Amino acid sequence: MRITLVGPAHPYKGGGARHTTELAHRLSARGHNTAIESWHAQYPSLLYPGQQTIADPEAETFTGTRRRLAWYRPDGWWRTGRRLARESDLVVLTLFSPAQIPAYLGILAGLCSRRERARAVALCHNVLPHERRSLDVSLTRAMLRRVDGILAHGPEQAHLARGLLRGDQPDPVAATMPPHLPETGGAREQPSGERRHLLFLGIVRPYKGVDLLLRALAEGAPEDVTLTVAGEFWGGTAELTELAADLGVSGRVRFRDGYVPAEELPELFAGADAAVLPYRSATATQNVWLAHEHGVPVIATRAGTLPDHVREGVDGLLCDPGDAEDLARVLGEFYAPGAPEKLRAGVRPVDPDPHWEAYMRRLLSSV
């Protein structure tokens, strides 16, 4: 089958680019004639104020990658769709943000302008954003009603997509997002014993719950336990810095603002007893698997697919989302005598191959 993935690839950074690229490699390995139609300019800086691209790829790039799409060139969207209608049997539109949808609607219009055309699938990393704007629902509905199939990351997301469709459209297909981790060399050899340190890693946005983690650190963790918050702060660090001061934990918290390149990850994880994911809401994330890849247990909320990846009491602990008191309870439980070492001993790196095989079957069955 001739398959084109439309989505971010290097020099774009992060999990989205890695997912698109890994999917292309694996589809190609299965014998499909695969290409990536990527972005020259994906978002205006107003919508993505962080660092959008990186100089060095974090995984093996895919040779069949074109980088022609631009958010400011709508004339190119329709032409891309016309070309893909000739070149592809299946076009996979990877949806991360409604900001991409105008371009995708243009591509779909180009696809439909030809009598014989490729079929189109919306691969929804997020059906709708965690923090929504006024047009997000109508834009997403317009896109999902124009594709031939939908793959969503998890049953909750598939149900959300179903609510945006016409009654005569087929049900969205749910799949577990597979591992697409940066190449870091895995866990470093470290001496036994506790670090008395916790790590939050990733883009810092309200739904990620870092404010809840600061409150839980003040209320539930031993006073000698410290925290690093590492990632891009979309709203700046001022509000969380002020909250840490109000809670009396300023001296225990380090804010490391900015994208964390892959080569820095082993050191960050080596210094932590656990990675903490205090999300209020979630779809899917790589951060549980990323922590386990580096030999570190995870403290997470029961949001989205997070509890599917944590074996509670074996390689991590779980708490209720949006509940600082329950997170504080779990931090105290984690630092019970011997608990960090016990949970660290239970950590095993994920085997990505079965996850990817199941994922590709679900993708190809969605149309």
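What is the handedness of the crossing of α2 and α3? The crossing is right-handed, where right-handed means that the near helix is turned clockwise from the far one by less than a right angle, and left-handed that it is turned anticlockwise.

Some ground rules. This is a predicted model, in which local features need pLDDT of at least 70 and side-chain atom pairs count only at pLDDT 80 or more, while totals for chains, interfaces and linings use all residues. Residues are numbered from 1 along each chain as its sequence is written, and side-chain values use heavy atoms, with hydrogens and water left out. Helices (H or I, at least four residues) and strands (E, at least two) are DSSP runs, numbered from the N terminus.

Helix α2 covers residues 74-87 and helix α3 residues 101-112; they pack at about 45°, with axes 6 Å apart. The axes are lines fitted to C-alpha atoms over the stretch in contact, and the angle, between N-to-C directions, runs from 0 to 180 degrees. The two helices are therefore oblique to each other; the scheme takes under 35 degrees as roughly parallel, over 145 as roughly antiparallel, 65 to 115 as roughly perpendicular, and the rest as oblique.

As for contacts, meaning heavy atoms within 4.5 Å, α2 contributes W77, W78, T80, G81, R82, L84 and A85, which meet P102, A103, G106, I107, A109, G110 and L111 of α3. By class, that contact has nine nonpolar, four polar and one charged residues. Here Ala, Val, Leu, Ile, Met, Phe, Trp, Tyr, Cys and Pro count as nonpolar, Asp, Glu, Lys and Arg as charged, and the others, Gly among them, as polar.

The second pair is α6 (residues 210-220) and α7 (residues 238-247), at about 15° with their axes 10 Å apart. That angle makes α6 roughly parallel to α7. Here too the crossing is right-handed. From α6, V210, D211, L214, R215 and A218 meet L240, L243, A244 and L247 in α7. The residues of this contact divide into seven nonpolar, no polar and two charged.

The cut-offs are under 20% for buried, over 50% for exposed and partly exposed in between, using a 1.4 Å probe and protein chains only.

Now the loops. L165 lies between α5 (155-162) and β7 (173-175), and is buried at 8% relative accessible area. Leaving aside neighbours within four places in sequence, L165 is in contact with L144, R145, I150, P170 and P172.

Last, backbone geometry. Most residues other than glycine have a negative phi, and most peptide bonds are trans. The bond from H10 to P11 is cis, with omega near 20°; P11 sits in the loop between β1 (2-6) and α1 (14-29). R196, in the loop between β7 and β8 (197-201), has a positive phi, near 60°. R196 counts as partly exposed, at 22% relative accessibility.
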